[in-house]
Amino acid sequence: MIEFNRRVEDIPAYPAADSYGYDGELVKLASNETPWAPLQVVQEAAAQAITTLNRYPDPDKSLMRRRIAERCDIAPGRVTVGNGSCEILLAAAEAMLEPGAEIVYAWPSFSMYPHLAAMSGARGVRVPLDGEGRHDLEAMAAEVNHATRIVLICNPNNPTATAVGVDALDAFLEKIPRSVCVILDEAYVEFSLAQDPDESLDLLRRHSNLVVLRTFSKIYGLCGLRAGYALGSEQFRLAVDRVRQPFSVNAPAQAAAAEAIRHTDEVARRVELTAVERLHVESELAERGLETTESQANFSWVALGERDEAEVVSGLEGLGVIVRAGSALGEEGRLRVTYGTRAENDRFLSALDEQL
Ligand SMILES: Cc1ncc(COP(=O)(O)O)c(C=O)c1O
């Protein structure tokens with residue numbers, strides 16, 4: 001038997017999401033994807049890059065970084081790009097954590113966060129969300145000590161979809177020593193109606209230890225290509241670049257992301273469509289007596305009350321509607337459902353009716 005690093009056992013496995021024993025067309029509402037295909041010009045940019053796949057991709061990711069820098073009004077040297085934003089998270093952990101160090105994050109939050117502690121041997125400090133499913137920033141600040149290297153804030157939070165305001169984040173950052181890296185994971189920020197995504201970029205001007213993490217997987221609909229980015233210090237980018245392989249972002253992903261970020265009108269259109277579906281799904285759930293947290297994302301976090309979570313989730317699966325069980329995300333008695341098209345959302349709602 002080959003021997004593995006003992007830490008491997010501590011790393012949670014990602015839930016399998018492929019075959020559900022359903023013959024018809026599946027409605028996939030479990031991974032917070034968006035229902036729209038990439039824009040034609042974005043597809044063309046990726047297709048063009050395919051013609052030169054005999055060459056390694058640009059290790060500097062120059063065009064992609066420059067376009068992101070232009071959009072976010074920041075120096076290109078402060079833009080780190082990755083094979084999905086997850087790669088940047090894992091590389092940040094590799095660059096900053098070690099046994100004896102600590103990483104603080106809220107819980108329930110993004111399922112990837114426990115990996116950071118587990119793979120590095122650092123101590124993961126989980127701070128419970130408040131009663132409304134929001135980050136308890138005061139309690140998180142209280143957990144920061146001389147061993148803390150990273151604080152993760154997921155805003156809007158996955159899986160609860162709740163958001164804290166930029167002023168609260170600013171006040172929180174004031175309390176954190178400059179030697180501690182605060183990673184603000186904004187995978188869903190574009191969907192928020194409570195915040196202009198550009199507002200948190202202002203925080204970068206005031207807090208040198210802040211890293212704003214974003215992705216092309218959600219509003220830009222490019223999760224299949226894997227592309228994400230972080231805005232922070234140049235020092236952060238150089239450290240992340242040292243610990244991972246140089247060609248991590250493939251050429252079609254670089255080209256597609258560089259094109260996608262130019263289409264701000266399309267982003268605005270998708271935000272609007274999502275807001276309409278959010279309203280629809282949430283009001284339908286409320287009519288069925290099901291409570292949700294206040295969503296600023298492209299999904300709802302639904303309390304199932306006395307109902308058996310596993311039964312509801314597998315009942316939905318039996319009807320071809322795939323959602324994520326709360327117990328897989330840190331809280332039992334819930335489900336997380338992503339908004340799809342109107343037809344998909346209505347299929348979810350009518351399949352849900354059969355479980356209630
Ligand atoms: C909070 C959060 N951060 C990051 C990611 C990862 O995105 P990427 O596809 O860019 O790795 C996700 C994906 O679901 C997420 O929910």
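A nonpolar core is a set of buried Ala, Val, Leu, Ile, Met, Phe, Trp, Tyr and Cys residues joined through side-chain atoms within 4.5 Å, where buried means under 20% relative accessible area, exposed over 50% and partly exposed in between (1.4 Å probe, protein chains only). This is a predicted model: local features need pLDDT of at least 70 and side-chain atom pairs count only at pLDDT 80 or more, while totals for chains, interfaces and linings use all residues. Residues are numbered from 1 along each chain as its sequence is written, and side-chain values use heavy atoms, with hydrogens and water left out.

**Nonpolar cores**

- The largest nonpolar core has 56 residues, of which Met-64, Ile-68, Val-151, Phe-172, Phe-216 and Leu-231 touch the most other members.
- Helix H9 (residues 251-260) gives the most to this core, with five residues; helices (H or I, at least four residues) and strands (E, at least two) are DSSP runs, numbered from the N terminus.
- A second, separate core of 28 residues includes Cys-86, Cys-154, Leu-213 and Phe-236.

**Ligand surroundings**

- The ligand is surrounded by 13 residues (a heavy atom within 4 Å), and the closest are Ser-85, Asp-185, Tyr-188, Thr-215 and Ser-217.
- An oxygen atom of the ligand lies 2.6 Å from a backbone N or O atom of Ser-85.
- A polar backbone atom of Cys-86 is 3.0 Å from an oxygen atom of the ligand.
- In the side chain of Ser-217, an N or O atom is 2.6 Å from an oxygen atom of the ligand.

**Lys-218**

- Lys-218 lies in the loop between strand E7 (210-215) and strand E8 (228-231).
- A polar atom of the Lys-218 side chain lies 3.2 Å from the backbone oxygen of Ser-31.

**Salt bridges**

- The whole structure has 21 salt bridges.
- Glu-294 and Arg-134 meet in a salt bridge (3.2 Å, N to O), and this pair links parts of the chain 160 residues apart.
- Arg-206 in helix H7 (residues 199-206) pairs with Asp-170 in helix H6 (residues 166-175), at 3.0 Å from N to O.
- Asp-170 is buried, with a relative accessible area of 17%, whereas Arg-206 is partly exposed at 44%.

Conventions: A polar contact is a pair of N or O atoms within 3.5 Å; within protein, one must be able to donate a hydrogen and the other to accept it, and residues adjacent in sequence count only if both atoms are side-chain atoms. A salt bridge is a side-chain nitrogen of Lys or Arg within 4 Å of a carboxyl oxygen of Asp or Glu.
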